[in-house]
Amino acid sequence: MDSLADARALDAVIAPLRKVVRTLPLGRYRDVLHGRQLGHPLHPALVQVPIGAWTSAALLDVVPGASRSARFLVGVGVVAAVPAALAGWVDWAEQHKRQMRTGVVHAAANAAAIGLYTGSWAARRRGQPWRGKALGLAGLTVATAGGVLGGHLAFRQGAGTNKAEPVPRLLEPGWQLLGRVDDLPVGEPVRREVGEVPVVVVRDESGEVHVLANRCSHLSGPLSEGKIIDGCVECPWHGSTFRLSDGQNVRGPATAPQPSFEVRTDSAGTLYVRLPEAG
């Protein structure tokens with residue numbers, strides 16, 4: 001499976017597909033499909049319905065007199081697979097190239113599974129139960145293979161994981177020296193380091209200083225190279241937007257907020273920062 005990430009031949013397919021997905025007129029629902037309001041990607045949650053329905057249908061296929069229930073579950077799975085696939089495509093279009101190569105094969109397997117289960121439902125509807133069962137078994141096999149690729153994509157390649165989650169464990173507890181207020185430009189993001197952790201520091205026009213973890217929680221984009229817009233910083237890679245005051249993500253594709261630091265200034269204008277203590 002690792003070899004899929006290096007399969008450059010897939011790039012010819014990826015480019016036009018990505019353009020299509022990014023131009024879909026989804027509006028504010030794009031963030032819903034990313035799972036921003038949920039706090040983690042929505043796609044893995046949505047796929048539970050088709051997988052559960054199809055697995056249950058396979059079990060009912062060996063139960064006498066359960067053909068109507070099995071056909072119903074096959075149909076439920078096909079219908080539920082549509083929003084699950086759409087959420088997956090929206091996430092896929094904002095991943096890096098190696099993830100997208102694996103992801104497009106994962107999507108192809110799932111599309112094949114949907115096609116097989118659509119044929120299964122049609123065969124059952126026409127009174128061809130054995131053909132319907134065979135197509136369903138083939139669909140479940142392909143869907144399982146697609147699920148294995150999805151797990152590889154998530155856990156091996158890190159797609160959808162919160163890249164800022166390790167930050168609290170990389171820092172020493174307590175206040176730490178950051179620098180001087182006078183060295184910070186007004187209204188521009190700058191990169192500094194707190195121990196081993198890079199941070200983005202922004203001094204606003206009122207003189208208040210905001211400090212967030214620098215690497216975007218989506219794909220580790222450098223926020224210090226982003227734009228400051230209406231009290232937020234925008235990631236230069238995929239446009240995830242975080243509120244400077246508390247690190248909350250106000251626009252995806254990021255689904256997790258940025259760690260936000262408390263800031264203290266002494267009488268000499270020296271800055272100290274720390275992460276809020278866990279409650």
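Trainee: Which residues lie nearest the centre of the largest pocket?
Mentor: In this predicted model, H43, P44, V47, H106 and G150 lie nearest the centre of the largest pocket, and the lining comprises 48 residues. The space in that pocket comes to about 1,000 Å³.

Trainee: And which helix gives the largest share of that lining?
Mentor: That is α7, with nine residues; at least two lining residues each come from α3 (43-46), α4 (48-60), α5 (67-92), α6 (97-125) and α7 (129-156).

Trainee: How do the lining residues divide into nonpolar, polar and charged?
Mentor: For the largest pocket, 25 are nonpolar, 21 are polar and two are charged.

Trainee: OK, what about the second largest pocket, what volume does it have?
Mentor: Its volume is about 180 Å³, and among its 13 lining residues E172, P173, G174, R274 and L275 lie nearest the centre. By class, that lining has eight nonpolar, two polar and three charged residues.

Trainee: R274 there, what is it the bridge partner of?
Mentor: R274, which is in β10, is the bridge partner of E262, and β9 pairs with β10 (residues 270-274) in the antiparallel sense over four bridges.

Trainee: Switching to the sheet, in what order do the strands come?
Mentor: The three strands form an open, antiparallel sheet in the order β1-β10-β9, with a twist that averages 30° from one strand to the next.

Trainee: Why is one side of β1 and of β9 left without a neighbour?
Mentor: Because β1 (176-180) and β9 (262-265) stand at the edges of the sheet, where each has a single partner strand.

Key: Residues are numbered from 1 along each chain as its sequence is written. This is a predicted model: local features need pLDDT of at least 70, side-chain atom pairs count only at pLDDT 80 or more; totals for chains, interfaces and linings use all residues. Side-chain values use heavy atoms; hydrogens and water are left out. Two strands pair if DSSP finds at least two bridges between them. Axes are lines fitted to C-alpha atoms, for helices over the stretch in contact, and angles run from 0 to 180 degrees between N-to-C directions. On a 1 Å grid over the protein atoms alone, a cavity is a set of points where a 1.4 Å probe fits but cannot get out, and a pocket is an open set with protein on both sides within 12 Å along at least five of seven lines; lining residues have an atom within 4 Å of a point. Grid points are joined across faces, edges and corners, and a volume is the space filled by probe spheres set on the points. Ala, Val, Leu, Ile, Met, Phe, Trp, Tyr, Cys and Pro count as nonpolar, Asp, Glu, Lys and Arg as charged, and the others, Gly among them, as polar.
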